[in-house]
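Thanks for coming. Please look at the screen.

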Amino acid sequence: MDSDDDFISNMSSEDDVMQDDTDNDDLSAADEEFDVFDDEPDDNPAVTSMKSDKKKGVSFDVSFRVYRPIDVQNQQDEMIDEVNMILEMKKEDAAIMLRHFRWNKERLIEDYMDNPTKVLEAAGLGPSSSRPPELEVIPGFMCDICCEDEDGLLSFAMKCGHRYCADCYRRYLTQKIREEGEAARIQCPTDGCQRIMDSRSLDILLTSDLNERYRELLNRTFVEDKDILKWCPAPDCENAVECGIKKKDLDKVVPTVDCACGHRFCFGCSLNDHQPAPCELVKKWLKKCADDSETANWISANTKECPKCNSTIEKNGGCNHMTCRKCKHEFCWMCMGLWSEHGTAWYNCNRFEEKSGSEARDAQAKSRVSLERYLHYYNRYANHEQSARLDKDMYQKTEKKMVQLQTASGMSWIEVQYLNMASQALQTCRQTLKWTYAFAFYLARNNLTEIFEDNQKDLEMAVEALSEMFEKPITELADAKLKVDMMDKTAYCKKRRVILLDDTADNLANGRWTFSIDLKGLTAGAGSTGPRR
Amino acid sequence: MSSAQKRISKEFQECTTSPPPGMTITLPSETDLHKWSIQLTGPPNTPYANGVFNLTLSLPTEYPFKAPAVNFATRIWHPNVTNDATGNICLSVLKPENWKPASRVKGVLEAVRQLLVEPNPDDPLEARIADEFRTDRAEFDKNARSYVAQYAKAGK
Ligand SMILES: [Zn+2]
Ligand SMILES: [Zn+2]
Ligand SMILES: [Zn+2]
Ligand SMILES: [Zn+2]
Ligand SMILES: [Zn+2]
Ligand SMILES: [Zn+2]
């Protein structure tokens, strides 16, 4: 538990991975490593309420499966075995055929039954001698690549019969694999011969480290060829995730998946989790923000002036509830309004009040209103992003103190985990809140938007309250009462998030939202299931 | 590297004893087998006919596992050759995905010559010239000939 990435990973796996209906034993074992809280007593209120959420099977969740590198390998091997049995062809040939057909097994079998010669030829498996390839010394042989002809020269020929010395074959393969990153489509070194290097030949020729790299590259093409598989985009993660959501459905569902490494990302676009906003909306929003980057500078300022006494106030936690050190004025960092009003029904920090059309007659006024509207949502979006960072900083400071407290008070590691849980919940909830503002920016008003805004407000208030608890001095944090409060608040935040996402996802799936932009990305193509050229 | 030397000198020998049609191949420096000079006479029945073009061919240290590079040293009006001093050529056999270690320089040179007989406007380096080639062949031929007259006259 020493890096922040670790505790984020705990959150996501604890939260959602268990819903994933994986039936792979190996994978479940891998999940257990992340399941730190599994053996906590069930009378813990936070854990209990979370588990009940989980059982419901919430509608914004998509089903998915995580594959480790070995699982990716096994999946390929299984398909190869099947084709090997059904079409009675050698495994190395079956592998080449499958890669040629981008792992569309059904189509391969169908086409093969139809015209085996044509299919074999197209896949680079033309007529072959049946003798298995091996390294040989052939008297009088001269290698056409290096022009060596010395006695005892070890040579090799693929099934097409094109023979070169073993060194040349190896140098060629090294060039292809190391320099060009090629694996699935390495052809015979002969000009014009399209025969594909099979795995048997490679096993004979390759050194073990090159073979490893070759397998890696093959795995890459396997995942990249299949629309239902994607690499986890986390920098050091080698896992792939399977999810059945099609590109054309991305205007109806936001497929967030949880890798076993703890990274939560969108299966549709590989960006970090952006529920409830659909991929196309996210794309447009990010582009807009990049285009209007000067507005971004406005929010990045960490200091503002107290609206009452004008003294400079620095924000150093994620919480938006500010108290001026000098005059004790309490206000909201976001809207600079009185904090006391935020707890009431009048609270509308999240909603943009559309001014009546009368004052926005001319083009200039209209563009000012539209800029104000954008800034309203942008600032809240950016603020949650910034606050998430600040919350994390705050947690890290607290965590250090907790370690000291642990040693001083004799509290066990497990007893201080509620802080960890709270911090993770804050991160996830702020991530969701952040995207609700991009969502709202493009959302056209209808009879459902008010419910959405209420949900947004409720989640936001819950998050701010939890965030505020973190700013308590360490001695108070250790207090048993605050601990219970914090666990309750954590559970409440999670619950509000589920309610919000449930509502938005349900309306999205049923086409009840209207957006000011087209959510059908133009990129959604027919998919690439056909054989390679 | 010695194995590459063996292969290169063999290829050079082949290319000088039976060169591709209209070509003369020499080494600018006797000590450097990796740099070749080629003089190419424009193929008959093309706007390049009778033009004399100088080309350079350089073989990378990784040759034959990496493709050689060929450039026109003489300016030429052609959709697949950059219309500048570098004279880069777009030749599919030289692309890494098409180059095979058993491919030969002679084949490359033949392909260069073939490109003068049959330009490939669908994969151009000079879009303007490719357009002209497709839409106004007479104008293209005229420009190509005037380039020959200006830059590629025999004895120049
Ligand atoms: Zn050799
Ligand atoms: Zn071959
Ligand atoms: Zn991952
Ligand atoms: Zn997405
Ligand atoms: Zn003040
Ligand atoms: Zn506010």
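Is Glu82(A) buried, partly exposed or exposed? Glu82(A) counts as partly exposed, because its relative accessibility is 32%. On the terms: buried means under 20% relative accessible area, exposed means over 50%, and partly exposed is in between, with a 1.4 Å probe and protein chains only.

Before going on, this is a predicted model, where local features need pLDDT of at least 70, side-chain atom pairs count only at pLDDT 80 or more, and totals for chains, interfaces and linings use all residues. Residues are numbered from 1 along each chain as its sequence is written, chains are lettered from A and ligands numbered from 1 in the order in which they are written, and side-chain values use heavy atoms, with hydrogens and water left out.

Now the charged pairs. Side chains of opposite charge can pair when their charged atoms come close. A salt bridge here is a side-chain nitrogen of Lys or Arg within 4 Å of a carboxyl oxygen of Asp or Glu. Over all chains, the search of the whole structure finds 36 salt bridges.

One of them joins the side chains of Glu82(A) and Lys105(A), at 2.7 Å from N to O. Glu82(A) sits in helix 4 (residues 69-86) and Lys105(A) in helix 6 (residues 105-114), both of chain A, so this pair ties together parts that are 23 residues apart in sequence. Helices are DSSP runs of H or I with at least four residues, strands are runs of E with at least two, and both are numbered from the N terminus. Lys105(A) counts as buried, at 14% relative accessibility.

Next, Arg163(A) and Glu136(A) form a salt bridge through their side chains, at 3.0 Å from N to O. Why does this pair tie together parts that are 27 residues apart in sequence? Because Arg163(A) lies in strand 4 (residues 163-165) of chain A and Glu136(A) in strand 2 (residues 136-137) of chain A. Arg163(A) is buried, with a relative accessible area of 17%.

Asp251(A) is buried at 15% relative accessibility, while Lys252(A) is partly exposed, with a relative accessible area of 36%. Elsewhere, salt bridges that share partners join Glu92(A), Asp93(A) and Lys159(A) into one network.

Thr449(A) counts as buried, at 5% relative accessibility.
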